[in-house]
Structure formats: structure tokens, C-alpha cells
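Please keep the viewer open as you read.

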Amino acid sequence: MRTHAQAVVIGGGVIGCSILYHLAKLGWTDVVLLERDELTSGSTWHAAANIHGLHDSTNISRLQHYTMTLYNELEAETGQSCGVFQPGSLYLAQTEAREHQLRLQEAKARRYGMNFHEVSRDEAERLHPLVDFDGIRCIMFEPDGGNVDPSGVTNAYAVGARQRGAEIIRFTPVTGTEQQLDGSWIVRTDKGDIRTPWVINAAGLWAREVAAMAGIELPLMPTEHQYFVTEAISEVESLDRRLPSVADRDGEYYLRQEGNGLLVGAYEKDMRFWAEDGTPQGFGHELFPDDLERIEENMMRAIDRVPVIGMAGIKRVINGPMIWSPDSSVLMGPVPEKTGYFCCCGIIPGFSQSGGMGQHVAEWLVDGEPKLDMFGWDMARYGHWAGKEFTKARVQDQYANRFKIHFPGEEREAGRAVRTRPIYEMQKEMGAKFGLNYGWEHPLFFDADTPDSAGFTRQPWWGSVGREVRMLREKAGIIDISNFAKYEVKGPGSEAWLNAVFANRMPKSVGRSCLTPLIGKRGGLAGDFTVTRLAEDEFLIIGSGMAERYHSRYFADVPLPEGTHFSSRTEDICGFNVAGPQSRALLQRLTDTSLDTEEFPFMRSKRIRVAGVETVALRVSFTGDLGWELHCATDDQAKLYAALVDAGKALGAGPVGGRALMSLRIEKGYGSWGRDYSPEYWPQEQGLAGLVKMDKGFLNKEAYGAIAGEAPRETMVLLEVHSQDNDAVGGEPIFLPDGAAAGQVTSGAYGYSVDKSLAIGYVKAGLAQQGDTMHVAILGRAVPATILSEPPFDPQGKRLRS
């Protein structure tokens, strides 16, 4: 066995083998995979192995489509059968919401040239004569859908990897992973040790145990999952072709042909956890006892839809383990706190995603960053707050609601609340409805009489959010921004370090602030921050709250100068944005510091006392209106908030939630990281190239320099959507009037104060210009939209600087 390798993959399931194959394909041939037992042990071997391309996330759809097309190529390349059956998949909508979801996915498929389209009932009955389509509102067909052979696919990846020089060592459990002083790792086994710069944890059911060897705790929890296969059915035997699979997600089951019978699987409400405290080391190809009573309700719905199931005997039942993350998406990426340790764990639709996942991991390791923005898969979306109880509650919710639609902006209650601020109860009493942001509870809107809800259409809280927007634009509003990430840099090398991290020049004078991009490994936008100089050797950094752990990787890439200290202050500093035309009057009631523009201009800061509380006041506002951010110690949050709310009453001002803030910033055309800004796009495509200073050094300058002179591939635009009933939310494709694909919406909202439905998005360069009409696929239907030449609210920034 070799003693050194470029990377060691731990786990010989379909994901581990795909990673090994794709690493070798990108040129890392000195790589090795260690498997404790036989390949496919754990969850891979008993998977139903269905494949489908479409997903609510556009980028996940792209990776799943890559996976589906890869299997036939893999067979041809390796000579190893993947057992590919692609008779197609029928997607059924029983509800209006499911129809909206499918029509939106069909529009995305048209944008990317994927094969997914609506069929009539007559055509659906021809494709699958055993299905009763009564009560179905809409039927979509994916001709490339189907299933594969789990062992065949896994072994094809293995053969392909070996053919390119990679090594696979079976029956070799990893007994330890030890990091060395130089950052490399020793992976220990009973057959010898391997030294490597990269450990890749793809250990599936044993991912928690493998991570624990390195002192890492992963938010994962295994469950049981059942499906059954019927005896041969004469109606199936008599066909001269294979039947398409059926995705009746409103019925909460899945169904496809298996041999001359049918395979039916379900995610039942009465679910079962397994191995909560650790997966047994000796477990491999075992199954659990059958318990079909648990899935009886799901089975009956399947029988109602396909009556022949009820007349068929059951040939076998598979009840095996799966391991889940809190949101049922993979935990992928380098562990921010450990150099050289990569995770790819907690995968549920493994055979729909294995190829894309392996490609994504290989790009990340070989090139330093994947091509697609997959923050929704990044393990850094969870932090220390995602403990066992939170994970268990969320997994139970995810399993029991596996086929429930994930609506835009949906907030599920399971496992909450895990992180709250001192004013949480006060806000609840004021009628706040809360969302979750990196574990923090933060107000979405304030209305005691209106519950939160989610859907593709405008929800009951739409009017409540509108009242908050208009209150702020006409008077003033108080927005809790405590969930923003906050960092402190102190010491003699602070300015030099910040200049080495960020692309903009740091403020030279105390009391000045700057906006600055953080550049990614490929030259795109990894983040955007506000940096304020509080003293000669002290700076405050404010960035995206949900990306705090993600951004820590970039900060760790630049060594701190001697005597300089960097720390996260998100937990012990809270903040409020007081904004609107009366914000100055509101704050002036609570402070002796003059807030006049001459003495406190835009993009300046001061340490001031507000209602007796020491604050750092910044003259900035994400609303695009006159306003200040006030940052105070967490212990003072309640006192400051009470004073702000009380002072606001006399002016007709009050609390404003996060949904109103999203509307306000889109009225001003402000992009938001994680929505409109991402590493996929270049600064010149996002209108931020002017903030990148090439006359100084900064992180990943060489990568940006390689694309700085390139013309934009796409351009960020602000659209007025001519919709009377619904708004874009993000992910909707943009088409030219002739139907040609043009781009995609990244975020959208109704602009209450300008009375326009608005969207921010990207359009391919050269296809359109300001004033042109485009079509946005809202709920999958083409809605005319106009590219605006300027934001509809305060285009000259007069309010912001007044």
C-alpha cells in the first residue's frame, strides 16, 4: 500500500467512488480510496437508485442533468454496465402549488435545453396505461428519467478511476486521522499509514465517526427507509417496453418498474431514527425487519393511483438506513476550521447527484473553487449551533415531509429556536414572525393577527410587509440587523491585513467606511463587506450573516501580522438600522451628537451614545434611504431597542422586518450576497469592478487579473415585471420575446413604495439593453418585463445623502 497520496477518499459508496473518478479525470491520479468493507456497503447497495434531472435549485438541476447524461458515457468509457434504464418519468400535480412548481421547472428546463415538458392525459395514458390520472391537474414528462443499478454505477466509477491511475483498497477500515504540524494528515489503517494533504470524508453512514477522529462534529442523523417490490404483474409482463417511473409527490410515494413488477417507496410520517449515538462498526449489508404498517397510508395512495399494485403480491421489502443532514442536502466542502479536510456527507438522492457531486468536489480540490455557486450544499451553512437535538428535529421534519414543496422563503419550525437575542421575547410580544438565519431567529414581519406562510403566490402577510415598507419610506422604520456577521480587527497590522484580504482600499481616516468585494479563487465575488475604521489600529467589518463560517475560509487564507488580532463579534454585538426620512429626527431625540449631514455625512461613522447606550453609528442603510446603523453590546440591546421603538411612536415609526428590507433594497437596485452576488459572477458583471483596486495586492488578485479585461458574459439588470398578481422571487428564467433563453432572476419582490413588481437578475451580454422588453417565467408562465435604466426609488441617491 502506498504511503503518500494527493488525496485520500474515505468511503467506497457511490459518492466516494465518483469523487475518486472525477479527481483522476481532472489529473489527480495519485489518489487512493479506502473502504472498510466491500464497495457499496452501507446505504449504496440497497438504494432504489432512481434518477431525475429537475430540482427547485437551478444549479442542482444542472448537476443532476450532468449525472444523468454521464452514466451512458461511463459505460462506454469503462466497459462496466451501469444498468441504465431511461424509459422516462411522469411528474403529476394534484394541487395548484405542485402545478406551479412543475411549470417553473419546465421553464428552467427550456432555459438550459433539458428535456422536460408537459404532456396531455391521452399521451400520459399511452406512456403509462396502468396509472389512473383522475384528479391530476398537470402532467410533465422527463424522457431521460429512470433508474440505474447501484452496484453497476459504483463499480463503473471504480473502474474508471483505476483506469486513470487511482487506487482502491477494500476491507481496510480507517482507524485514525491525525493532522500534522505542516497541515498535512496521516490516515491510519491496520495495513499501514498514508500521508496526504487532503482527507475526503465520504463515509456515508459512518461519516460522523470518521469526522470525530479529526475532532469534527457533523450534523447528521440516520433513519430507516422502506420500499417494496411486487411479484410479477401480468399487465407489465404483456408490455413490449419499460414503463416510465411515476413521481406523484402529492401522494407521498415514488413508483417505478422493477423486473416485471413495480417498486413502491414512501417517506412516512411515522418515521424511525436509527443509530442515533453512532453507526455500528460491523454494519454492512444488513437490513432491518420489515414494517410495512408504517407506510400503509402511502401504499394506499399508490394503490389508488395504480390499482394493479393492490392485486399484486409483495416479492421483497427493503428496509435500510439512510443518513440525513438537517435540510436533507449534502454537507460538502472543506471544513473551515481544519486545513486539508473535506466532507461530502449526508446525501439522499445519491444516484441523481453522484456525478455532479463528484465533479463539484474535484473542481473544488483541484482548482480551489467549483464552477457553480452551491452555497446551499456548503457544509459551512451550519455552525456549532446545529447540535444533536436540532439535527434530530430537522431530520424528522425533512423525512416526514420529503415530498412537501419547499416554497420560496419558507420557514419550517422544527428544531427552533436555537439562537436568540435578548429582545426575542419583546419582538414576539410585538407580533413578530421569525425566520432562521445561520441559527439566529430574526423578525420577518410584525403582525400579531397574520400567521407566517409560504407559497408561490402572494401570501396573506403580503399586505403586512407593504405597511412596513410604506411606514419606513414615509416616516421611519427600525430594522433588527443583529444577524449580520460582525468582525473586529485590532493591532498595528490591521490595515495591511485588510488590504491583503479585500479588493478595495481600506479607509485611511478614522470614522470613514468603504464597501469592498472579497474575490474568490476564480475571480468572482466571494463576498461583499462594509469596513469601518474605528481607530488607528481598529476596524469593524460587517458582512453576510448566513455566510459567516463560509467567509472564515477566506480570512484564514491570509496570515495575520504579528500583534494583530481578528475575531468574530457576531454573538456579542447587536445592531439596528434606523432608516427613513424621519430617522434623523427619531435618533436626535435620543442622542446629543449632531446628526446633520455637515457633521455626520454619508459613509461616515462615530462612537455615540443613544438612549445612554454606547454605540458605533454608521451612516449607511441597505434600504437605500436616509439612515444609520447602530451597533451595541448584546447586553445593551433591549435597552436600545425599547428606546428606539418608544421614540418612534411619536413620529409614526415602528419595527420593520426582514421581508420589508428585501423589498426596500430591491427598490433601490441593491444586490444581496447569496442571492444576486456569488462567486459565479465577475465583478464587472455585477457592477462592482470599480471597487476592485488593481494597484494593490489582495486575496486572489491573480485570478481576478486573468478575467479583469474580459467583457461581461452576463450583466446584472433591474427589471420591472408587469405582473398584477404575483412576483418573481429568484430562480425564474428570463427569455427574449421570441422564446430564446436570456438569463435568470436572482431575487425579486414587490416594490410597495414605487408600486412596481421588481426583479434583479442576469441577462446574457449583448442580448438586450435598457428599455427592452423581456419575458420572466413567473410560475412558469411568460410575463412581460422591462429592463430599467435606473432604480425606481431615489435613483440619484438624494434621500440617502440628505
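A cavity here is a set of points on a 1 Å grid over the protein atoms alone where a 1.4 Å probe fits but cannot get out, and its lining residues have an atom within 4 Å of a point. The model is predicted, so local features need pLDDT of at least 70 and side-chain atom pairs pLDDT 80 or more, while totals for chains, interfaces and linings use all residues. Residues are numbered from 1 along each chain as its sequence is written, and side-chain values use heavy atoms, leaving out hydrogens and water.

There are 2 cavities of 30 Å³ or more; each volume is the space filled by probe spheres set on the grid points, which are joined across faces, edges and corners.

| Cavity | Volume | Lining residues |
|---|---|---|
| Largest | about 60 Å³ | Arg421, Ile423, Tyr424, Gln427, Trp440, Glu441, His442, Asp480, Ser482, Asn483 |

In the largest cavity, strand β21 gives the most to the lining, with 3 residues. Helices (H or I, at least four residues) and strands (E, at least two) are DSSP runs, numbered from the N terminus.

Now to the nonpolar cores: each is a set of buried Ala, Val, Leu, Ile, Met, Phe, Trp, Tyr and Cys residues joined through side-chain atoms within 4.5 Å, where buried means under 20% relative accessible area with a 1.4 Å probe, protein chains only. The largest has 48 residues, and Ile19, Leu23, Tyr157, Met332 and Cys344 have the most contacts (heavy atoms within 4.5 Å) inside it. Helix α1 (14-25) is one of the elements giving two or more residues to this core, and α1 gives the most, with 8 residues.

Technical notes
On a 1 Å grid over the protein atoms alone, a cavity is a set of points where a 1.4 Å probe fits but cannot get out, and a pocket is an open set with protein on both sides within 12 Å along at least five of seven lines; lining residues have an atom within 4 Å of a point. Buried means under 20% relative accessible area, exposed over 50%, partly exposed in between (1.4 Å probe, protein chains only).
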